[in-house]
Amino acid sequence: MKRNDMERNKKQRDFIKNFTEILEFLRIIFFYGCYTQEDYKKQGISKSRYYQLTANLKSVMGKYLTEVKLSSGQKALAFRKDMFTEPHKALLELYSIKSFTAKHLFTSLAIMQMFSQEEVCFTAADIKNEFTQDKVPSDRTIERCIDHLTEHGFLQCERKGNKKFYTRSSDPLKALPESILLSLAAAADFHCNVIPPATCGHYLLDSIKRRLNENSAPAYESQFLFKHYHLGQILDDGVLWTLLQAMDAQEIVSFLYKGKKEHTIKDIYPCRIIINEETGRQYLFGLNLYENRREPVLYRIDKIRTPEMNGKPEKPADAEEIQQLYETALSHSFTGVFCRPEKLTEVVLAVRKELYPHVLQYFSNAQYEEAEPDWMHIRISVNHFVELKPWLFRNLGEIRILKAPEDMLADFEQDIREWREIYGIDQ
Amino acid sequence: MELINEYKNRYVLALSAVLNRLSNGKTLSKSEIYAEIQEAAGVEKHAAFGADFLEHIRSDTGLLFDFSDNTRVQPVRNGKIQFPISRGEKLYLLMILNSKYIPLFLDQSEIESLRHALEKEKLPDMSRYISVCPMRKGDDITPEFIQKFRLVQKAIRENRYIRYDNQTRQGLLKGMLSRPLRIEFSAADQVFRISMWNPAEGRAVKANLRRMRNVQAAETDTVQPVESIHKILSSRQASEPICLRIRNRRNAPERAALLFSMYDTTMKPLENGDWLMQLRYYEFDKQEIFRHILSFGPSAEVLSPAELIEEVQTHLKQYQHFSVPQGYEKG
């Protein structure tokens with residue numbers, strides 16, 4: 001291989017190894033679609049690195065990426081988005097070339113060949129003995145491959161005395177009739193747009209499609225269109241996956257948090273993932289155990305980087321405690337994103353009668369106060385007035401604020417004044 | 001366990017397929033193997049990504065291939081590589097089986113049988129760690145709803161028309177005839193809507209599945225064929241995009257980028273820190289986008305089209321200033 005080719009290959013291998021950098025790059029393309037090479041430079045990405053990443057991404061993602069020409073004449077990368085361009089596929093395209101150690105994968109494939117019969121059972125020593133050629137993988141490589149295959153659930157391990165016996169894991173899709181496979185494909189297709197992590201959903205859908213293909217069944221074609229699916233969530237699937245595993249293992253986590261400043265957060269006992277379907281934001285609800293505190297905290301998942309599981313805490317929280325804390329912290333939040341139970345805000349609104357049923361759906365703690373012609377009065381407690389604002393802005397003609405803390409009300413009225421000024425409406 | 005399952009890597013899948021064909025007795029030469037893997041993995045698009053992998057095949061000395069005769073390559077082992085679904089996929093399958101929407105797709109006996117197949121692995125139900133906060137309670141998944149959903153699914157699959165009554169704001173529309181094209185789900189509202197082609201009106205229509213009554217399969221030989229949904233929808237794209245100035249306050253640019261991420265948008269920074277957002281959309285999404293824009297209050301200013309500016313002005317004129325009726329005190 002020529003030296004130039006070797007260098008290019010190395011750069012491309014680095015590209016598919018360093019997923020953290022790629023995801024940051026994609027995040028900007030996805031949300032803004034207007035960053036030029038100079039904008040990236042301000043983000044710390046050099047000119048040459050920008051062109052490398054652009055060329056590599058274009059070659060992998062093909063039709064999902066498009067180059068737009070800005071009014072300044074400069075070029076920027078943007079994501080193609082329409083109802084038929086599923087962005088998961090773009091990311092899965094990227095995942096499907098993720099770097100690997102070829103030797104490791106070849107060894108894993110050879111091991112899986114040994115398990116072609118479902119009922120066969122081997123010890124690690126049996127597996128090692130199968131590799132009899134001169135250039136065999138080392139015992140350490142074989143052990144790591146076995147562990148990896150077991151961790152991913154392709155092999156299952158049963159301990160008998162001091163020995164571990166491995167068999168191929170069962171496959172719930174095996175022997176499913178075509179009609180159920182098709183229904184399950186539709187269920188997976190639907191749910192991976194509803195339940196995160198979508199990446200797992202798409203892997204499952206991919207497996208079901210392969211089974212259909214093996215059975216020469218008709219290919220599955222999607223019947224769905226999705227609205228309000230916030231496409232950017234898939235960029236956070238890796239973080240979400242680690243957090244879910246930490247919740248299940250009841251381990252504390254630490255992570256980098258990209259707030260106004262980037263800082264490390266430690267000793268968080270993760271309890272729940274909260275998804276606000278209106279804004280598309282995902283949050284981590286947890287307990288801050290730092291220095292023996294046990295206070296509820298909320299973090300945006302799209303700002304979390306490199307989460308790590310750090311083992312069990314001295315005093316883990318039980319399910320009941322978590323549920324109670326969760327309910328107390330969020331019981332007065334109708335979007336589920338504020339966490340200030342000690343600072344409840346009480347608001348009384350007059351709402352038009354037609355809006356009243358909708359209000360009851362929105363605010364589960366709304367209390368009926370009284371009625372006047374065409375208007376109903378309701379009392380609501382919320383974690384913060386800010387949470388109400390988007391809803392109030394949307395329903396200006398249908399509501400009147402009767403009671404709210406004075407500073408918040410003044411702030412709201414100021415917003416309305418500014419808003420009217422923008423559109424040239426006399427006060 | 002990592003989220004990314006490297007056994008879904010396109011090269012691994014291509015290599016597994018070749019090995020399985022050799023195990024089934026297929027004769028392949030060394031060059032044919034390369035060509036097959038390159039083709040299956042789409043290597044020609046970005047050759048260097050797979051170069052490392054192909055190099056390993058070339059130098060394989062008895063791990064997977066026996067290259068002693070390059071015209072008739074033999075597999076070292078005769079056995080089909082069968083990856084069961086991974087633990088991550090099983091966890092996800094369990095989440096699906098516990099979802100409130102699963103009865104739309106599978107019968108109870110099928111759900112139980114799949115649950116039973118997963119039971120002995122003692123997998124945790126990860127969905128209990130996820131709380132979804134939709135804007136509305138959404139559709140109730142009743143037996144009647146399930147029946148309608150499946151009938152529509154079947155009609156889409158078989159390209160068939162349906163007859164139904166539709167309860168609209170204008171009243172009950174009886175005996176409608178349409179061909180369902182797609183089932184649309186809004187996660188924010190938790191509502192299912194059906195996009196359909198209405199031959200009488202010669203246009204695409206949308207109806208809430210909840211409001212559709214007496215849904216039945218219709219005879220198909222009386223109606224004309226339908227254009228593809230892609231074509232129908234592309235004809236409904238708004239000619240002029242919405243232009244917004246997003247003010248650099250209260251995190252509005254970032255909120256807007258996320259909230260409108262489902263649409264075809266581009267954002268451009270302005271010199272004063274504000275952002276210019278251009279949003280292309282389908283006509284039928286207009287009202288929804290309008291409500292989203294309103295939720296930003298003064299942080300999002302509509303610059304065009306003119307009719308949308310007028311709509312915001314009308315909306316603002318409707319606001320009745322803070323007024324304190326008897327019995328309430330300010331603050």
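# Close-up views of a predicted two-chain model

**Figure 1. An antiparallel strand pair in chain B.** Five bridges link strand β9 (residues 242-246) of chain B to strand β11 (residues 275-280) of chain B, and the two strands pair in the antiparallel sense. In general, strands of a sheet pair through backbone hydrogen bonds, either parallel or antiparallel.

**Figure 2. The four-stranded sheet of chain B.** The strands β10-β11-β9-β12 of chain B, in that order, form an open sheet with antiparallel pairing. At the edges are β10 (264-269) and β12 (300-304) of chain B, each of which pairs on one side only. From one strand to the next, the twist averages 25°. A cis peptide bond joins B:S304 and B:P305, with omega at about 0°. B:P305 itself belongs to the loop between β12 and α10 (306-317) of chain B.

**Figure 3. The four-stranded sheet of chain A.** This open sheet has the strand order β12-β13-β11-β14 in chain A, and its pairing is antiparallel. Strands β12 (367-372) and β14 (399-403) of chain A are the edge strands, and each pairs on one side only. On average, neighbouring strands of the sheet are turned by 30° against each other, direction ignored. Strand β12(A) runs antiparallel to strand β13 (residues 375-382) of chain A, to which five bridges join it. Within this pair, A:E372 has A:W375 as its bridge partner in β13(A).

**Figure 4. Two packed helices in chain B.** Helix α4 (residues 87-97) of chain B packs against helix α5 (residues 108-119) of chain B at an angle of about 145°, and the axes are 10 Å apart. The crossing of α4(B) and α5(B) is left-handed. On the α4(B) side, the residues that meet the partner helix are B:K90, B:L93, B:L94 and B:L97, while α5(B) contributes B:I111, B:L114, B:R115 and B:L118. Sorted by class, this contact has six nonpolar, no polar and two charged residues.

**Figure 5. Helix α2 of chain A and its surroundings.** Helix α2 (residues 19-31) of chain A has 13 residues, which at 1.5 Å a residue should span 18 Å; the end C-alpha atoms are 18 Å apart, in agreement with that expectation. The buried residues of α2(A) are A:F25, A:L26, A:I29, A:F30 and A:F31. These buried residues pack against α4 (47-61) and β2 (75-79) of chain A, and also against α8 (252-259) of chain B. Just after α2(A), A:G33 takes a positive phi of about 65°.

**Figure 6. The contact between chains A and B.** Chain A supplies 118 residues to the contact, and chain B supplies 109 residues. On the side of chain A that touches chain B, helix α6 (residues 102-114) of chain A gives the most, with 10 residues. The residues on that side of chain A comprise 59 nonpolar, 31 polar and 28 charged. Strands also link the chains: strand β7 (residues 262-276) of chain A and strand β3 (residues 130-133) of chain B run parallel and are joined by four bridges. The bridge partner of A:I273 in β3(B) is B:I130.

**Figure 7. Local backbone features in loops.** In chain A, a cis peptide bond joins A:P196 and A:P197, with omega at about -5°. A:P197 is found in the loop between α9 (178-191) and α10 (198-214) of chain A. A:Q250 has a positive phi, near 55°, although this residue is not glycine. The loop between α11 (237-249) and β6 (253-258) of chain A holds A:Q250. A:Q250 is partly exposed, with 16 other C-beta atoms within 10 Å. In chain B, B:Q190 likewise has a positive phi of about 55° and is not a glycine. B:Q190 lies in the loop between β5 (171-186) and β6 (191-198) of chain B. Because B:Q190 has 19 C-beta neighbours inside 10 Å, this residue counts as partly exposed, as a residue is buried if 20 or more other C-beta atoms lie within that distance.

Notes
Residues numbered from 1 in each chain as written. Chains lettered and ligands numbered in written order. Predicted model: local features only at pLDDT ≥ 70, side-chain atom pairs only at ≥ 80, totals over all residues. Contact = placed C-beta atoms within 7 Å. Nonpolar A, V, L, I, M, F, W, Y, C, P; charged D, E, K, R; others polar. Pairing = 2+ DSSP bridges. Axes fitted to C-alpha atoms, helices over the stretch in contact; angles between N-to-C directions. Left-handed = near helix turned anticlockwise from the far one by under 90°. Expected span 1.5 Å × (residues − 1). Buried ≥ 20, exposed ≤ 12 C-beta atoms within 10 Å, placed from the backbone.
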